[in-house]
Amino acid sequence: MSDKVAAPAKIAVTRDRRTLKVTGSDGAEHAFTAEMLRVHSPSAEVQGHSAEQKVTVGGKRNVAIADILPVGHYAIRIVFDDGHDTGIFTWSYLAELGRDQDRLWQAYLDELAAKGLSR
């Protein structure tokens, strides 16, 4: 996906801090659970430095969003209540997550099952 994705028109966290709602500049809306964002964090801690180093993060069913911080005009940094705060969620990465959310979530559930991990 191109890195030339426009900034979202709106970013909001639900009152319970468990869902991030993103409205794109085109009006498309996506809702991401905090768990989804945490386990797919673009940080090196989760993604590694290669596909072989990618970590399957379990035990995040109840994670919440503690804070959202702007990163320039191109991204946000999400601070999770488990202390994880190093992933930079660019507009293009959020658009990719929105587009592929169902497939990514199922792949995550499959990885958990294969590794004997729980949500």
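Start by selecting Arg17, which sits in the loop between S1 and S2. Helices (H or I, at least four residues) and strands (E, at least two) are DSSP runs, numbered from the N terminus. The phi angle of Arg17 is near 70°, a positive value in a residue other than glycine. Arg17 counts as partly exposed because its relative accessibility is 31%; buried means under 20% relative accessible area, exposed over 50%, and partly exposed in between (1.4 Å probe, protein chains only).

Before going on, note that this is a predicted model, in which local features need pLDDT of at least 70 and side-chain atom pairs count only at pLDDT 80 or more, while totals for chains, interfaces and linings use all residues. Residues are numbered from 1 along each chain as its sequence is written, and side-chain values use heavy atoms, with hydrogens and water left out.

Next, select Lys10 in strand S1. Is Lys10 buried or exposed? Lys10 is exposed, with a relative accessible area of 52%. Leaving aside residues up to four places away in sequence, Lys10 touches Lys21, Val22 and Thr23; contact means heavy atoms within 4.5 Å.

Move to Ser43, in the loop between H1 and H2. Ser43 is buried, at a relative accessible area of 2%. With residues up to four places away in sequence not counted, Ser43 touches Gly48, His84, Thr86 and Gly87.

Now select helix H3 (91-115). H3 has 25 residues, yet its end C-alpha atoms are only 31 Å apart, short of the 36 Å that a straight helix would reach at 1.5 Å a residue. The expected span is 1.5 Å times one less than the number of residues. Where does H3 bend? H3 bends by about 75° at Asp100, the bend being the angle between axes fitted to the seven residues ending there and the seven starting there. Asp100 is among the buried residues of H3, which also include Trp91, Leu104 and Leu112. The buried residues of H3 pack against several elements, including strand S1 (10-13), helix H1 (34-39) and strand S5 (75-80).

Follow H3 to Lys115. Lys115 is exposed, with a relative accessible area of 52%. Lys115 and Asp67 are 48 residues apart in sequence and 30 Å apart in space, C-alpha to C-alpha. Just after H3, Gly116 takes a positive phi of about 70°.

The last stops are pockets. On a 1 Å grid over the protein atoms alone, a cavity is a set of points where a 1.4 Å probe fits but cannot get out, and a pocket is an open set with protein on both sides within 12 Å along at least five of seven lines; lining residues have an atom within 4 Å of a point.

Select Val5, Gly24, Ser25, Asp26 and Ala95, the closest to the centre of the largest pocket among its 14 lining residues. This pocket holds about 230 Å³ of space, a volume being the space filled by probe spheres set on the points, which are joined across faces, edges and corners. H3 supplies the largest share of its lining, 3 residues.

For the second largest pocket, select lining residues including His40, Gln47, Lys54 and Tyr93. Its volume is about 150 Å³. Which element gives the most to this lining? H3 does, with 8 residues.
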